[in-house]
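Welcome to a short tour of this structure. Take a moment to look it over, and then read on for a guided walk through some of its parts.

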Amino acid sequence: MPFVDQIIRYGSLSVVGLGKNTGKTECLNYVMRRLSEMRKVVAVTSIGIDGEGVDQVTFTPKPSIYLEKGMYFTTLSSFYTRKQFQAEICHVENAGTVLGKMVTARVLERGKMVLAGPSDTVSLQRWVSRIPERFPVDVCLVDGAISRLSSASPVVTRSMVLATGAAYSANVRTLVERTRFVYDTVRLPQAPSGLREKLEQVTKGIRIITDKGEITDPGVRSVLLPDQVRKVLETGGNRLYVPGVVGNALLKALGERKEAGETELYVRDFSRIFAEPRVFYSFLRKGGRILQLFTTHLLAICVNPLSPEGIRLKSEELVDKMQRVVEVPVYDIKKIRS
Amino acid sequence: MNFARFAERIDGLQYMADKMELSGSRVRRYLMQSNFCSNGDVLNSDFDILQKALDILSDPDAMSGVMQLRHLFAQVHDIQGTLHALSQRHTLDEVELFEIKYFATLCSDFRNVCTLIGFPYENPEDLPQVRELLDPHGTGTVSFQLYDCYSQSLSQARALARSTDPEKEPETWNTVQDTIQKEELAVREMLSQKLNTSYQVLRDNFDRMARIEIWFAKADLAVRYEMVRPDIVTGSADDQLHIEGMINPQIADILGTVNKTFQPVSITLTSGPCLLTGANMSGKTVVLKTLALIQTLAQFSFFVPARRASIPLVKDVFLVIGDKQDQYRGLSSFAAEMLQLDRIMAVIRKGTRLLLLVDEPARTTNPVEGAAILCALVDFLERYRTMSLVSTHYGDLGLSCRKLRVSGFDTAKVKGRLDPLMMNDYMDYSLTEDKDGSVPMEALPIARLLGVDDSFIGSAQKYVKRTIK
């Protein structure tokens, strides 16, 4: 069966949709059902709010998150108390939010659920590491998202599946190109572990990595001021770490440097890159390198040829074209079921 | 008045609270709401508890028990909201019922660990009836659901739901779901009602857990700063406050970062005012702040940072540092100080027994009136026999009250320019009884040692001579 064995090996997976209605939830449901058939115990949560019967953005019906008997799930208490199936509460987080406390429960009979789990990277990371300590869980699943609106990075799980589809772009060529861009960011090389240990605690500002490998703080607070960043590099060297979001302006500024070819940009993980593909590739073409502190194993790309506006792309053509540009298996989420 | 209010007024009290390792806002809130205690019996029995906690901390056999206890502290959830809902006879939801069940389990864990380490105080009461109610099958696990056995109609409705396909028979399914919700609500109402009878015990246990944690945090603090149990003096109006070798933890910590130590200071105060004189930088303000801190700590059932302390109980402690400019209300530092003193004197006139510590009153106005204000204040404190220490630079006031002087500065020891950070090395901070009323003239020598321009100091010197003539 496609990629499910690998998920078990890695122990944790996030399913990340590149846009709304790209088949992320279907993909997640597929994974959960398969794992359940293999008698693996699964725990699932979602970044932010998901699983509503109607998509909150496009108001189109979307597949619900079905929870199988024996699974564990984590959601806000205000959603938990609305459930229409039997479950038992196993753990409640001490700290709460306005929407209630985070509840972890075990499913006693199959049912639908609104999942709204941890919404920042630190709590999500804690969830992924604590759940298997507390409960006899084989695999942790995260219903992920990459967006500026969510600060939680899906890279906390050891493996990942990308969901993309007609809703993301109605033109096969554009869809393939845009998906390939995300794929390329995911596959950026990882920073050497020595540097990673030094940099992972830094979450604000920028850092310069000197030729001797020392980390210095040039005192620049925001990378939204690329001129400052450039000035800093002129004196400090060619290696730069940006823990926050990397946008067009910064990458452009780095690409326009005389020493663009020697420039190394370190980012936290692929989900922090919000530059346009054009700018991203231009920087790489000039010889610049981008490295990530944290990486995850991309297992597959799932495509959904249908979009809520009624667009139906040719499944085989889409899968085939996509498969030519990426080195991980590509599946049509509608066909994978059968 | 509670701890939070004192922490705003007494310098260094918040620092001590911040140094306490508490598991979260639940316990910190409890500490902040604890009350200033003027009852000697209560304080003495509190000190017995604190001493017991200290004994346990220093007992190597209790170490693993203490570890377990600390682990438990972090396990307690803040169920204030749930308890409030229970007291108001609201119907709890499933998550709240889980919280109560979990809490009841923790109560027995606390009891077990307290027995293990031999801490007989504040143990939570066992809640067998709560555990039985929320664990009807007696499995002993903390997980919770609305069990079928609570209600036959609920279990029947659930069985019906299981045999209904929501896709094929949506109407039946919806009806069944409505029934389930109704029955679940009935179960929750029944459980909430039964739990209401245990509300008081739950509430008390919740507070006890916070108190146990605070006792052990106070004991940790006592170990860290070598604090001792104060002797509480009660009875006659002529009680003496007597402290040997007191230190100020906050300043000691700051000195510690530059490898310096705090010179412990001893002091005795009797009823009535006492003047405190000494050169600039001789630590007069620190003496006042430390005294206020020690008196306050003792009356919040802390041990105190000193070698020995006997402390008469008061109803209130006032520390007037006089740096509280209130420009937003249009008050200068002088006006703010005068109004503060006026309010305190009103309290004293009512006969309230208090400890008053004032740093250089009226120093921000002209010296003639300033000295006059000081004399009037001392007169007033004499009349009401208010235990107080008042620091000043004004000399030869002809006051008959008791006077203490900081032993002072050994200028001979200084080689070259004086580094303010090195002040510690040349200063003897101990206090001596002062029979004559003059004040030390050390301001200019100190300024010179600090490296202030020589010609400027020479010019100032000429003015000193002219004034003395």
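Domain bounds here come from an automatic or database domain assignment. With that in mind, chain A of this predicted model is divided into domain 1, covering 4-186 + 296-336, and domain 2, covering 193-292. The C-alpha centres of domain 1 of chain A and domain 2 of chain A are 31 Å apart. Where the two meet, eight residues of domain 1 of chain A are in contact with seven residues of domain 2 of chain A. On the domain 1 side of this contact in chain A, the residues are five nonpolar, two polar and one charged.

**Where the chains meet**

**The nonpolar core**

The largest nonpolar core has 202 residues, and those with the most contacts inside it are V31(A), F73(A), L141(A), V161(A), I294(B) and L357(B). Helix α7 (residues 94-117) of chain B gives the most to this core, namely 13 residues.

**A sheet in chain B**

Next, follow chain B to an open sheet of four strands, in the order β1-β5-β2-β3 and with mixed pairing. Which strands stand at the edges? They are β1 (231-233) and β3 (265-269) of chain B, each with a single partner strand, so one side of each has no neighbour in the sheet. From one strand to the next, the twist averages 20 degrees. The pairing of β1(B) with strand β5 (residues 308-312) of chain B is parallel and runs over three bridges. Within that pairing, V233(B) has P312(B) in β5(B) as its bridge partner.

**Two loop residues with positive phi**

Most residues other than glycine have a negative phi. Against that background, two residues of chain B are worth a look. E226(B) has a positive phi and is placed in the loop between α11 (199-224) and β1 of chain B. N259(B) also has a positive phi and lies in the loop between α12 (249-257) and β3 of chain B. Their values are set out here.

| Residue | Phi | C-beta neighbours within 10 Å | Exposure |
|---|---|---|---|
| N259(B) | near 60 degrees | 6 | exposed |

N259(B) counts as exposed because 6 other C-beta atoms lie within 10 Å, and the limit for that class is 12 or fewer.

**A buried glycine**

One last stop is G283(B), in the loop between β4 (273-277) and α13 (284-299) of chain B. Is G283(B) buried or exposed? G283(B) is buried, because 24 other C-beta atoms lie within 10 Å, where 20 or more are needed. Apart from residues up to four places away in sequence, G283(B) touches V406(B) and Y429(B). The C-alpha atom of G283(B) is also 9.6 Å from that of S430(B), although these residues are 147 residues apart along the chain.

Methods
Residues numbered from 1 in each chain as written. Chains lettered and ligands numbered in written order. Predicted model: local features only at pLDDT ≥ 70, side-chain atom pairs only at ≥ 80, totals over all residues. Core = buried A, V, L, I, M, F, W, Y, C linked by C-beta atoms within 7 Å. Pairing = 2+ DSSP bridges. Axes fitted to C-alpha atoms, helices over the stretch in contact; angles between N-to-C directions. Nonpolar A, V, L, I, M, F, W, Y, C, P; charged D, E, K, R; others polar.
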